[in-house]
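Trainee: I'd like to learn how to read a protein model. Could you walk me through one?

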Amino acid sequence: MKIFPTFPAYYNLLDMLGWYALRVGGIAVLVFLLLPVVVIIPLSFSDSSFLAYPIEGWSLQWYREMWNSAEWARATRNSFIVAPLATLLATALGTMAAVGLSQSRFFGKGFLTGLLIAPMVVPIVVVGVSSYLYFARLGLNDTYLGLVIVHAALGAPFVVTTVLATLQGFNHNLVKASLSLGAGPLQTFFRVTLPVIAPGVISGALFAFATSFDEVVVTLFLAGPEQVTLPRQMFTGIRENISPTIAAVATLLTLFTTALMLTLEWLRGRRK
């Protein structure tokens, strides 16, 4: 009579338990992270003037208030001015840097690569303080240009990393063939290289756009009253007057960011 299972069956049981434990733990962590986001969505449809459960009635008044508010309209306009411009600048600079790094071999290349992606790991408060002190001498505080430059610097590392990853599987013989047939470097890039690495470029651009659109810390340091973006307006509203309008804005931002992430996953599927 066997009291304990044989070793193969024992290890198979452990593997099965580990498989289920890993997935249950992953689902629990996912629910824990998403629950605060999901909870805020019903509050945006409440007819109460306070962010509180239970919800006694339903209304769209907070969406109407957001739509009719001059402050929220200005913040939305500023976000859709700064984020696209910063994305264009970050995408152009990040793509050029990635292509140059992939085609070059020189001393200190690793250090330069690390320097280019440093904004991803440097604390954002440090970036905000240093940008404020430096831009104050240049007169770029309280300007759209200052915001665009810093947001582009924060988004460019995402473009560099995604484009570098795409270029790992790029056949550089295509470039040599194009050059040998008489095409110039610029024509070769736009007609040969760019179409191949386009999914990586677009993925990096989406990351850069999301980074700029959601950024609040640097904006607190650099933006003036006329450059207030949506995240800063939400931060100001939380500090001064907590209104369900903030929940409505947060819901729309959540849907917008989710759409960006779904687009990114679709691009990844096309690249594969």
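Mentor: Let's go from the overall fold to the aromatic rings. This is a predicted model, where local features need pLDDT of at least 70, side-chain atom pairs count only at pLDDT 80 or more, and totals for chains, interfaces and linings use all residues. Residues are numbered from 1 along each chain as its sequence is written, and side-chain values use heavy atoms, leaving out hydrogens and water.

Trainee: How many helices and strands does the chain have?

Mentor: Helices (H or I, at least four residues) and strands (E, at least two) are DSSP runs, numbered from the N terminus. Here the chain has 11 helices and zero strands. Its radius of gyration, taken over C-alpha atoms, is 24 Å, well over the 19 Å that the globule rule (2.2 Å times the number of residues to the power 0.38) gives for 272 residues, so the chain is more spread out than a compact globule.

Trainee: And how do I read a pair of aromatic rings?

Mentor: You describe it by the distance of the centres and the angle of the planes. Rings of Phe, Tyr and Trp (its six-membered ring) pair if their centres lie within 6.5 Å; planes under 30 degrees apart are stacked, over 60 edge-to-face, the rest tilted. The count here is 10 aromatic pairs. In one of them, F45 and Y63 are tilted, 5.1 Å centre to centre with 35 degrees between the planes.

Trainee: Are F45 and Y63 buried or partly exposed?

Mentor: Buried means under 20% relative accessible area, exposed over 50%, partly exposed in between (1.4 Å probe, protein chains only). F45 is partly exposed at 30%, while Y63 is buried at 15%.
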